[in-house]
Amino acid sequence: MASAAPGPGPGPFGVTAKALLGEKVASGTSDLVSLSRQILKGSRSAELLGQAARNMAAQEDALLRSEDNMKKMQIITSHLQYQQESIQKNVEISSNVLDQLNHLLK
């Protein structure tokens with residue numbers, strides 16, 4: 001009877017040790033490439049999130065400035081309304097004075 005001697009020959013399923021090693025190396029390489037892609041994708045996502053956060057902060061500042069400007073415009077509007085009312089009263093008084101002068105001059 002012949003006994004099986006250990007060596008570089010075919011294994012239990014007819015596949016050589018070199019072929020198994022090659023498959024493992026190819027699988028490991030594939031996994032490494034996949035991992036690298038995921039890392040790059042993750043770093044790009046973090047970069048995009050950072051940019052979005054900066055944009056949001058800029059928009060928030062713009063909104064706050066707009067709110068301040070609106071408050072100032074409301075104050076200016078109320079002042080203009082007071083001035084318009086005062087001018088209107090003065091015009092009425094002027095027309096009354098003009099009527100009185102015309103009446104005196106007749």
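Student: In which helix is Leu104 found?
Tutor: This is a predicted model; local features need pLDDT of at least 70, side-chain atom pairs count only at pLDDT 80 or more, and totals for chains, interfaces and linings use all residues. Residues are numbered from 1 along each chain as its sequence is written, and side-chain values use heavy atoms, leaving out hydrogens and water. Helices are DSSP runs (H or I, at least four residues), numbered from the N terminus. Leu104 lies within residues 17-105, which form helix α1.

Student: Is Leu104 buried or exposed?
Tutor: Buried means under 20% relative accessible area, exposed over 50%, partly exposed in between (1.4 Å probe, protein chains only). Leu104 has 68% relative accessibility, so this residue counts as exposed.

Student: What is the area of the nonpolar surface patch that includes Leu104?
Tutor: Patch residues have over 30% relative accessible area and no salt bridge, with nonpolar side chains (Val, Leu, Ile, Met, Phe, Trp, Tyr) joined within 5 Å and like charges within 9 Å. Areas come from the Shrake-Rupley method with a 1.4 Å probe. Ile93, Val97, Leu101 and Leu104 make a patch of about 400 Å².

Student: Which residue forms a salt bridge with Glu67?
Tutor: A salt bridge puts a side-chain nitrogen of Lys or Arg within 4 Å of a carboxyl oxygen of Asp or Glu. The structure holds 1. Glu67 is partly exposed, because its relative accessibility is 41%. With closest N and O atoms 3.9 Å apart, its partner is Lys71.

Student: Why are Glu67 and Lys71 separated by about one helical turn?
Tutor: Both residues belong to helix α1. They are separated by about one turn because their spacing in the helix is 4 residues.

Student: What percentage of the chain's residues count as buried?
Tutor: The chain has 106 residues. The share that counts as buried is 0%.

Technical notes
Helices (H or I, at least four residues) and strands (E, at least two) are DSSP runs, numbered from the N terminus.
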